[in-house]
Amino acid sequence: MKNFTKLTYVLFLLCANIFAQQEKGIVGNTNWLDNWTEFNPKQQSYREPTQIISGNITKDTRLSKRDTYLLVGSVFVTNNATLTIEPGTVVLADYNSKASLTVSKGAKIIAEGTETDPIVFSSNKSLKRAGDWGGIVLLGSAPLNKFGNGSVANLHDNLDASNYANVNYGGNDTISNSGVLKYVRIEYAGKRIKGAGYLNGLLLAGVGSETVLENIMVSYCAGDAFEVLGGEVTINKAVSYRTSSNDFVFNYGAQGYLKNSLAVRSPYISSSEGSRCLKVLSYDNRQEVDFSKNGTHVVAENLTFLNDSETLDSDIEKGLVSEAVYVGQETFLDMNKSVISGFNPAVILDDRIRINQENLEKIRFTNMYFNNCKGNIYVNNNSNNDDLENWYGNAAFFNVYSKSTNVETFIDIQNKRRPDYRLRINKIIATNLDSDVNGD
């Protein structure tokens, strides 16, 4: 009877694990990537534009699904206007004018697609490439840790003097509302700006907590896919796919919550400065920061960071693979229930961070699944990570280390149309019960 009870217990655990929700990485009983995402946008063809959007949008405006729009030049939504975009609408950005869309402080965008009818921003070129156009910029009135407020003027070539007021961001309104982006795809953005690097797929500067940011996919972006400068945001179910630069960046006192999201990197697509899935900083230049204000604080939960390489060891040897997470000094990062698979190493800490208990309590990795990485957590430019291994390897953090291949680790990442990046749960190891099952 005792043996039967033990066997029943094993079978119960097996069934429970088969039907259980994934505990780490992106979660859900169904694949939430279905229908609205597109992992091969080059195969997509869109109708020729029937309407042109240019200049400043100064009054409430609605874009309808029945039209296809051509975005020309630097377009600003200003004067507290609201730009509403219907589900299924396609906006093509003009390559020749390196178009971009900026929603200024006080204005809003309501781009609320649906799972079966997402809103698409893409390039108007027939042969599309990363950096064909600028991207989307949301500017709000939430705080940042710079002296004074911020400006994105340097991201616009030949900015008209009348628009200088429309590129400022920051203030004291933590709940500043810039609108809704939901079920939205942003493709081939990130144009290069002479002397200022690249624009991003989605730049959130001084954006407040009432802004809704869910189910957003940025693919083939030349700059950062998602960049958050100051503000207080929650980003849920975001996808960064084959971005040239970083996938998610938080800087200048950003208070961010990033959850249930995915970054898929390719070793053959990266910038010369190094490209990470998650980069957490409190500043670029220490002299411009007011340290009486909050530093950057990020809570990251149920994320999946994957380097999509079939020849990982060779790619690492060639210097094509870098770390997944970079943590700067005077920041707070709480990362948990997440998967980091196939990087070199998984995490790098800025070499100016003093390794002591006080600082390590601000940089937390718990319930993590580190898979197939060449090393786990290191200080930059220091090959000795014994102190960090002892700290984060403590059983109290529930971190797991594995060497599985991507195919073994994830449910179905080879499906080109509908990949499934959830963790594969298809077996149970019950060796600790064997002695009780086989004997009395």
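Contact here means heavy atoms within 4.5 Å, and in that sense L138 touches V103, I109, S178, L181, L202, L203, L204, A205, V207, T211 and L213, leaving aside residues up to four places away in sequence. This is a predicted model, in which local features need pLDDT of at least 70 and side-chain atom pairs count only at pLDDT 80 or more, while totals for chains, interfaces and linings use all residues. Residues are numbered from 1 along each chain as its sequence is written, and side-chain values use heavy atoms, with hydrogens and water left out.

**Nonpolar cores**
- A nonpolar core is a set of buried Ala, Val, Leu, Ile, Met, Phe, Trp, Tyr and Cys residues joined through side-chain atoms within 4.5 Å, where buried means under 20% relative accessible area (1.4 Å probe, protein chains only).
- The largest such core has 73 residues, of which L138, F250, F305, V325, L333, M335 and I340 touch the most other members.
- A second, separate core of 20 residues includes F39, V264, L306 and F410.

**S245**
- S245 lies in the loop between β18 (232-241) and β19 (248-251), and counts as buried because its relative accessibility is 12%.
- The side chains of S245 and D224 are joined by a polar contact of 2.8 Å.

Methods:
Buried means under 20% relative accessible area, exposed over 50%, partly exposed in between (1.4 Å probe, protein chains only). Helices (H or I, at least four residues) and strands (E, at least two) are DSSP runs, numbered from the N terminus. A polar contact is a pair of N or O atoms within 3.5 Å; within protein, one must be able to donate a hydrogen and the other to accept it, and residues adjacent in sequence count only if both atoms are side-chain atoms.
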